[in-house]
Amino acid sequence: MSAAGGGRDCGSPVPQRAPWSLVAATAALCLLSATSVRTAAAAPMSREEKQKLGNQVLEMFDHAYGNYMEHAYPADELMPLTCRGRVRGQEPSRGDVDDALGKFSLTLIDSLDTLVVLNKTKEFEDAVRKVLRDVNLDNDVVVSVFETNIRVLGGLLGGHSLAIMLKEKGEYMQWYNDELLQMAKQLGYKLLPAFNTTSGLPYPRINLKFGIRKPEARTGTETDTCTACAGTLILEFAALSRFTGATIFEEYARKALDFLWEKRQRSSNLVGVTINIHTGDWVRKDSGVGAGIDSYYEYLLKAYVLLGDDSFLERFNTHYNAIMRYISQPPLLLDVHIHKPMLNARTWMDALLAFFPGLQVLKGDIRPAIETHEMLYQVIKKHNFLPEAFTTDFRVHWAQHPLRPEFAESTYFLYKATGDPYYLEVGKTLIENLNKYARVPCGFAAMKDVRTGSHEDRMDSFFLAEMFKYLYLLFADKEDIIFDIEDYIFTTEAHLLPLWLSTTNQSISKKNTTSEYTELDDSNFDWTCPNTQILFPHDPLYAQRIREPLKNVVDKSCPRGIIRVREESFRSGAKPPLRARDFMATNPEHLEILKKMGVSLIHLKDGRVQLVQHAIQAASSIDAEDGLRFMQEMIELSSQQQKEQQLPPRAVQIVSHPFFGRVVLTAGPAQFGPDLSKHKETRGFVASSKPYNGCSELTNPEAVMGKIALVQRGQCMFAEKARNIQNAGAIGGIVIDDNEGSSSDTAPLFQMAGDGKDTDDIRIPMLFLFSKEGSIILDAIREYEEVEVLLSDKAKDRDPEMDNEEQPSSENDSQNQSAEQIISISPTVDLVDQETPEESSLNSPPESLSPADTEDAADVSPPEQTSSPTANHETPSLDGECTDLDNQLEEQSETEENSSPEVSWDKKAQPIDSILADWNEDIEAFEMMEKDEL
Ligand code: DMJ
């Protein structure tokens, strides 16, 4: 298979001496005889059906690209809910995510080669002219080096690659004279100052105009970068060098890769997530194949394919063996610690790892690719999209989904490798879900929360660069594409680079090859480069047989928690060590075990207990390891319980023309009024209250009678607003934030607390919208007058009535590995009682409260005290037997972890600063993940 996924070899550089086809054929034979499961193949898909789906992809691309060009261009991205361009500095900052935006018409550049793949040659020609005419690469803006490389440099090079291909064909682009390449070179030089470190690892950010060092640069003080950020440059930089003859780019990218390789953890052969660019020390020592590391591995293998340099394959294979040994727990891929690789670092997986099965196909290791892909597909079937992170028992951990393409990418590669029509059906489901849940009148909107179906005002450029390419190629036959895709390799952003670059301007690789690799020992590593024709000659059932045992892996899963550590010894009859969820501070036996594990328990004055682990005080190294695991479980459990105390977000869905249910806004719930999760959704037209703050009897009851009243936040309690609009006859209410510009994209949601008194008299549902989401409704009223919405726990399927539009870290950071760990075991969260002001902000840090919040005093009842200090739920067994807890947890996850007092293991009030600290930790972990990689 070529790097692009077809049926021939890896390209000229690699194989004369590589017996890869033999290896692959042998593997296939073993696999064929190893299985005897009787199973039926998925029905083949007819050519007509494939064409129909291909056309649907084209239509969807037109919808996304057309709206970007019409409403956003020349801005970097489209904001599909408000139907305008996202211009950095003009919108509230979203933090590191915005570092992809360099005021260089990002989406247009990222879409260039997609236009050619989708046969839109005329549009490509127009787009190239626009890039040459309009794009400025010299803006005073700080951008991510990684994102600029993969999206912009990659986009320009992909565009150039296909422009010269078209020119050679003699019909299109006859005027083209390497202008995109010149722009790419200009950009390449702009990125080079980032490499001015002793290590050769690039700074994570650079100012396009001022570089790194100048005072105006506003960057250059960072010390850390993610491994993928430093290790995902070689394809674009080498292509730039080989296209232009300027060797410096490839040299710099190689140097960064050499340094990362040197710094790998020598006993595990794994790399951490973040590294200090000056000292080379690992900053985060956890290791996986998802966020922060993913494309480092991808680029090692693809650099071998593109550049024909054996050292890259050797490195890749060394890492790959380590991944398969420590991280891969089919069908799961779980992060571990680089120094203690038998120890899981997390109990959740992130969505970025969905690219890995595709990479495994390229490597030729199909079985685990099929298994992981199948597991991911089941998660998707459950939530419509892959949540940004999900736990090992497949509950949602981070509910966003920014329309990431990785799963479509792996689906494409698996289809190419197996020819199994099952993967076409998977692609069909992806298309259906995108149209059903993400399509909005002005493009496709990212999912804010896959559980509620609410949207974010965001359509990332990678959606056009990657998603449509992989989906289109999945259904396309050779003759549907105007060039041979097998002649190209996909970058991590799915940009196409020609394989002939391997034989052009090769001098750099020779010069820089370290002596370590001059004498290659073939027995050290596999020479693999799969050829689908040899790998799966006559067995359409092969993939099906691997999937079969995993059929219900998600639905029937038992909560797994920490699954690996010492599982073996439990099976062999040894007593399992104490699990965090079983721990009782009053049980002397448990206290004894703690002591053995080097964990001491301190009773704090405020009633909390604190756990401290000193590994050196443990009775043995195994006990120390048990102690570490126990502490990690405790952190996990504690943060999970806090989350379970929160009401999940709700949805406001605009159901009237022209939205027809397609725009779904994330809303904060209220702690009073009917429970929207119990099928109590409310549908009605909206009307503004007078006074708008809803703090006194309404003067326009006739306007709100039978409608959903809009009120502004502030000046009185939420419950008071609810009562006033209820008295005026409203059937529901939406409170709109008075902090201009606030948005659920940038601020954590919170829930509206009662007023400390009995709120049973409030019978109408109330939801909260931040100002930006609120304006979408207010703008709709201005434009269409009659606006009908649905208040619910999750977006409802667009019913035929609405649908008549024409349509086609909570993570336990690795640093917890230190010899001493401290956990404050905090009692149950009941923030309603912890915060005095109008809005008890459950989820938001104090900064997000408006001044009004602190002015409004509320009666607060003391925190509820209960006596049980421990969890009273059953422990799932480690050997896979499910207990009743499965159902409980399943239900919790399906109802978005509805608050359940029984699952708390300690029932006293938790101090606000501790809750906020935990929240911040969670938010930081996620921000780190997002920062590491989008
Ligand atoms: C893309 O920009 C690239 O695929 C990158 O390597 C990872 N993340 C995004 C899409 O999710």
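Ring pairs join F61, Y65, F444, F463 and F468 into a cluster, where rings of Phe, Tyr and Trp (its six-membered ring) pair if their centres lie within 6.5 Å. The model is predicted, so local features need pLDDT of at least 70 and side-chain atom pairs count only at pLDDT 80 or more, while totals for chains, interfaces and linings use all residues. Residues are numbered from 1 along each chain as its sequence is written, and side-chain values use heavy atoms, with hydrogens and water left out.

**Aromatic pairs**
- Across the whole structure, a search finds 32 aromatic pairs.
- The ring centres of F237 and F249 are 6.1 Å apart with their planes at 85°, so this pair is edge-to-face (planes over 60 degrees apart; under 30 counts as stacked and the rest as tilted).
- Because F237 belongs to helix α8 (residues 234–244) and F249 to helix α9 (residues 248–263), the pair ties together parts that are twelve residues apart in sequence; helices are DSSP runs of H or I with at least four residues, and strands are runs of E with at least two.
- F237 is buried, at a relative accessible area of 0%, and F249 is buried, also with 0%, where buried means under 20%, exposed over 50% and partly exposed in between (1.4 Å probe, protein chains only).
- Y412 and F490 form an edge-to-face pair, 6.2 Å centre to centre with 90° between the planes.
- That pair links distant parts of the chain, with Y412 in helix α14 (residues 406–418) and F490 in strand β19 (residues 488–490), 78 residues apart.
- Both Y412 and F490 are buried.

**Charges over rings**
- The charged end of R264 sits over the ring of W261, 3.8 Å from its centre, the criterion being NZ of Lys or CZ of Arg within 6 Å of the ring centre and within 35 degrees of the ring normal.
- R547 has its charged end over the ring of Y422, 3.5 Å from the ring centre.
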